[in-house]
Amino acid sequence: MEDNKDIVWVTCPRCESKKIVANNKLILFFLLVGGVGFINLIGLFFWPLLIISIPMLFLTPLIFFVPKINRCLDCLYVWKVKKAKRKQVDIAQ
């Protein structure tokens with residue numbers, strides 16, 4: 001069996017729970033594109049929606065610049081994920 005001692009579980013800073021959900025930007029992107037596409041279909045019959053939906057379609061890629069966020073399922077606390085600093089290993093010893 002593999003040795004799992006290097007795996008670090010993320011815990012909630014508030015309640016110390018391990019039931020954490022991370023946001024998935026790709027799923028959110030496709031949901032936004034699908035929603036804008038649906039508004040475009042309705043916009044074929046009600047033209048003012050096209051005025052709103054076309055700029056929204058060009059703004060949906062901005063979702064990839066939103067910071068990563070974790071959410072606790074127990075206490076619903078939300079926090080930004082900080083990037084872990086990599087340790088430099090000195091090979092020449």
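What percentage of the contacts in the protein chain with a separation of 6 or more comes from residues 24 or more positions apart? Such residues account for 59% of those contacts, where contact means heavy atoms within 4.5 Å.

Before selecting anything, note that this is a predicted model, in which local features need pLDDT of at least 70, side-chain atom pairs count only at pLDDT 80 or more, and totals for chains, interfaces and linings use all residues. Residues are numbered from 1 along each chain as its sequence is written, and side-chain values use heavy atoms, with hydrogens and water left out.

Switch to a surface, where the protein chain exposes about 8,600 Å², with carbon and sulfur atoms supplying 67% of it (Shrake-Rupley method, 1.4 Å probe). Of its 93 residues, 13% are buried, that is, under 20% relative accessible area.

Next, select the strands, which form an open sheet in the order β1-β2-β3 with antiparallel pairing (two strands pair if DSSP finds at least two bridges between them). Because β1 (20-22) and β3 (78-80) stand at the edges with a single partner strand each, one side of each has no neighbour in the sheet. From one strand to the next, the twist averages 25° (axes are lines fitted to C-alpha atoms, and angles run from 0 to 180 degrees between N-to-C directions).

Finally, zoom in on residues 69-72, strand β2, which three bridges join to β3 in antiparallel fashion; select Arg-71 there, and its bridge partner in β3 is Val-78.

Conventions: Buried < 20%, exposed > 50% of the residue type's maximum accessible area, 1.4 Å probe, protein only. Helix = DSSP H or I, 4+ residues; strand = E, 2+ residues; numbered from the N terminus.
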